[in-house]
Amino acid sequence: MEFIRFETGKDDEGRRLDRIAKKLLSEENLSQLYKALRNGLIKVNEKKQKGEYRIQKGDEIKIASFLAENAVPADKKNQEKITPLPEEWIVLRTRELLFLNKPYDLPVQKSKAGERALNVLVQEDYDFQNIRKSLSFRTGPLHRLDRRTTGLIAFSQNLEGAQAFSKAIQEHRIKKTYLAIVEGALEQTETWTEKISRNEKDLDSSKFHTVSVNSDSKNSKESNTTAIPIAYGKYKGIQVSLVKFIISTGRTHQIRATSAYHSHPLLGDTVYGARQISEKQNLFLHSYSLEFQENLFSLPKKIVCSPGENFVSVLKSALINLPCEL
């Protein structure tokens, strides 16, 4: 009988054999998993093991080829069918983490079948780079950006990176700064502490939803936002401000909803009360920087991602002098 050989890596360590095997079996053979384990059709280091066996780095898993006919080891994949990420998207790549400049109108995760999404493109790039050293680990986004938000976003490149970055986010040790063009003249720095809740009419929907600020909803969560005006101008007769937003919480639509609540909806954000505009890009929120309070994998203390051509074009047309550091 022919077997396909898989070697486990550091990111597989401590994971159950049955969980890893599920990722390797063809879909129609998942029901045979435990029978295959009992019959020696799935082996670890040439021995039968139970599903709860905890994998060690360097273990060799062998699976009968008819069970894993679609599971080809990463180093054997046809790289010609996989597309690397565009170089202009990559801000910084390390062994643990990947920082990207997310384009406008590209979802981070797909919401419907067949949709082009950033997480799929990053996984393909991960495969293309031939850096997968794990059977179970998959790269993924470590924080959220809306479809129409551009700029800096972090993806994991191994389990250690995912765990360390996520812990730093949870402990508020990463400072997140955004740039936005808003309606009206924000005259001074303001700090907003609000309760944000998903709108009741959207609770049963897995697709796009909006949020309310300071409602009486039981599912509301606190948000903290500091808004710092940088420059002012006019866009087609609309008074606008370029604002730097610093957030210590990451609630859904936090900047969009709270800024609108304080009478400064983002330019073009009709969902939250702004006037409709006609541009290639019709919402101007950009993830500008991530700043680390302490050393994380020898990363720079601050990673910056400047706004793109469409964002800058609207700033210039609005007679806003773009600060040189941007």
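Helices are DSSP runs of H or I with at least four residues, strands are DSSP runs of E with at least two, and both are numbered from the N terminus. The model is predicted, so local features are given only at pLDDT of at least 70 and side-chain atom pairs only at pLDDT 80 or more, while totals for chains, interfaces and linings use all residues. Residue numbers start from 1 along each chain as its sequence is written, and side-chain values use heavy atoms, with hydrogens and water left out.

**View 1. Phenylalanine 297 in the loop between strand 13 and strand 14.** Strand 14 covers residues 302-304. Phenylalanine 297 is not a glycine, yet its phi is positive, at about 55°. Its relative accessible area is 24%, so phenylalanine 297 is partly exposed. Here buried means under 20% relative accessible area, exposed means over 50%, and partly exposed lies in between (1.4 Å probe, protein chains only).

**View 2. Aspartate 105 in the loop between strand 6 and helix 3.** Helix 3 covers residues 118-128. Aspartate 105 also has a positive phi, near 65°, in a residue other than glycine. With 40% relative accessibility, aspartate 105 counts as partly exposed.

**View 3. A cluster of Phe99, Phe165 and Phe292 linked by ring pairs.** Rings of Phe, Tyr and Trp (its six-membered ring) pair if their centres lie within 6.5 Å; planes under 30 degrees apart are stacked, those over 60 are edge-to-face, and the rest are tilted. The whole structure holds 6 aromatic pairs. In one of them, phenylalanine 99 and phenylalanine 292 have ring centres 6.5 Å apart and planes at 70°, so this pair is edge-to-face. Because phenylalanine 99 belongs to strand 6 (residues 97-102) and phenylalanine 292 to strand 13 (residues 285-292), the pair ties together parts 193 residues apart in sequence. Phenylalanine 99 and phenylalanine 292 are both buried. The rings of phenylalanine 165 and phenylalanine 292 also have centres 6.5 Å apart, and their planes stand at 75°, so this pair is edge-to-face as well. Phenylalanine 165 sits in helix 4 (residues 159-170) and phenylalanine 292 in strand 13, so the pair ties together parts 127 residues apart in sequence. Phenylalanine 165 counts as buried because its relative accessibility is 0%. For phenylalanine 292 the relative accessible area is 4%, which is why this residue is buried.

**View 4. A salt bridge between lysine 10 and glutamate 160.** A salt bridge is a side-chain nitrogen of Lys or Arg within 4 Å of a carboxyl oxygen of Asp or Glu. By this rule there are 18 salt bridges. Between the side chains of lysine 10 and glutamate 160 the N to O distance is 3.9 Å. Lysine 10 lies in the loop between strand 1 (3-7) and helix 1, and glutamate 160 lies in helix 4, so the pair ties together parts 150 residues apart in sequence. Glutamate 160 is partly exposed because its relative accessible area is 33%.

**View 5. Glutamate 115 and arginine 147 in a salt bridge.** The closest N and O atoms of the two residues are 2.7 Å apart. Glutamate 115 is in the loop between strand 6 and helix 3, and arginine 147 is in the loop between helix 3 and strand 7 (150-156), so the pair ties together parts 32 residues apart in sequence. Glutamate 115 is buried because its relative accessible area is 13%. Arginine 147 has a relative accessible area of 36% and is therefore partly exposed.

**View 6. Aspartate 18 and arginine 16 in a salt bridge.** The closest N and O atoms of aspartate 18 and arginine 16 are 2.8 Å apart. Aspartate 18 is buried because its relative accessible area is 2%. Arginine 16, at 24% relative accessibility, therefore counts as partly exposed.

**View 7. Lysine 22 in helix 1.** Helix 1 covers residues 17-24. The C-alpha atoms of lysine 22 and leucine 33 are separated by 7.5 Å, the two residues being 11 residues apart along the chain. Lysine 22 has 42% relative accessibility and so counts as partly exposed.
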